[in-house]
Amino acid sequence: MKRRLHLILGIILAFVALGALPAGYLMIKHPDGSALGMTTDFLKNSPFRSFLVPGIFLFGVNGVLSLAGAVLCFLRSKYSSTVGLMLGLSLLVWICVQVWAIGLSSWMQPAYFIVGLAEITLSILIIRQKIVN
């Protein structure tokens, strides 16, 4: 069962990374949002004037670190559950800040919130199994 939980968590983390890496890269390369079909008008009620800082966070945390977390899960590292828990929490924070800054503007926001909850749940289940065994 523990192996299966690691696999599922790894797949979810890889899924998040595969979406975050290109989107974050495009936000960094084109901070006006044009590469993603957005404008800085999305940011008018946020503390950001461009997509650069959100792009750096998206690429670095939700992209690179989620990919690293997926690798840890696939290797069944003793750190995978802790990393998965932290990444799940950071995904929830990312979505909450996004909704606060630009409003609920896409079905992807609640979907990724649920993905973050799944990461947290799977991580807790892995941690519980470590304690029991």
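1. Arg76 lies in the loop between α2 and α3. Helices here are DSSP runs of H or I with at least four residues, and strands are runs of E with at least two, numbered from the N terminus. Arg76 is not a glycine, yet its phi is positive, at about 55°. Its relative accessible area is 44%, so Arg76 counts as partly exposed. The cut-offs are these: buried is under 20% relative accessible area, exposed is over 50%, and partly exposed is in between (1.4 Å probe, protein chains only).

2. A word on the basis. This is a predicted model, in which local features need pLDDT of at least 70 and side-chain atom pairs count only at pLDDT 80 or more, while totals for chains, interfaces and linings use all residues. Residues are numbered from 1 along each chain as its sequence is written, and side-chain values use heavy atoms, with hydrogens and water left out.

3. Phe59 can be read together with Arg76. The two are 17 residues apart along the chain, and their C-alpha atoms are separated by 24 Å. Phe59 sits in helix α2. Phe59 is partly exposed, with a relative accessible area of 30%.

4. Next, the largest pocket. It holds about 730 Å³ of space. The elements giving two or more residues to its lining are α1, α2, α3 (80–102) and α4 (108–132). A pocket is found on a 1 Å grid over the protein atoms alone, as an open set of points where a 1.4 Å probe fits, with protein on both sides within 12 Å along at least five of seven lines; lining residues have an atom within 4 Å of a point. Grid points are joined across faces, edges and corners, and the volume is the space filled by probe spheres set on the points.

5. Which residues lie nearest the centre of the largest pocket? They are Met27, Leu58, Trp94, Ile95 and Gln98, out of 29 lining residues. Helix α3 gives the largest share of the lining, eight residues. By class, the lining has 23 nonpolar, six polar and no charged residues. Nonpolar covers Ala, Val, Leu, Ile, Met, Phe, Trp, Tyr, Cys and Pro; charged covers Asp, Glu, Lys and Arg; the others, Gly among them, are polar.

6. There is also a nonpolar patch on the surface. Ile28, Leu52, Val53 and Ile56 form it, with about 310 Å² of accessible area together. Helix α2 (residues 52–74) supplies the largest share, three residues. Ile28 lies in helix α1 (residues 2–29). Ile28 has a relative accessible area of 32%, so it is partly exposed. Patch residues have over 30% relative accessible area and no salt bridge; nonpolar side chains (Val, Leu, Ile, Met, Phe, Trp, Tyr) are joined within 5 Å, and like charges within 9 Å. A salt bridge is a side-chain nitrogen of Lys or Arg within 4 Å of a carboxyl oxygen of Asp or Glu. Areas come from the Shrake-Rupley method with a 1.4 Å probe; for residues, only the protein chains shown count as cover.

7. Helix α1 holds two further residues to check. Is Leu18 buried or exposed? Leu18 is exposed, at 63% relative accessible area. Ala14, also in helix α1, is buried, at 18%. Leu18 and Cys96 are 78 residues apart in sequence and 21 Å apart in space, C-alpha to C-alpha. Ala14 and Met1 are 13 residues apart along the chain, with C-alpha atoms separated by 20 Å.

8. Last, Arg49. Arg49 is in the loop between α1 and α2. Its relative accessibility is 60%, so Arg49 counts as exposed. Arg49 and Pro31 are 18 residues apart along the chain, and 9.0 Å separates their C-alpha atoms.
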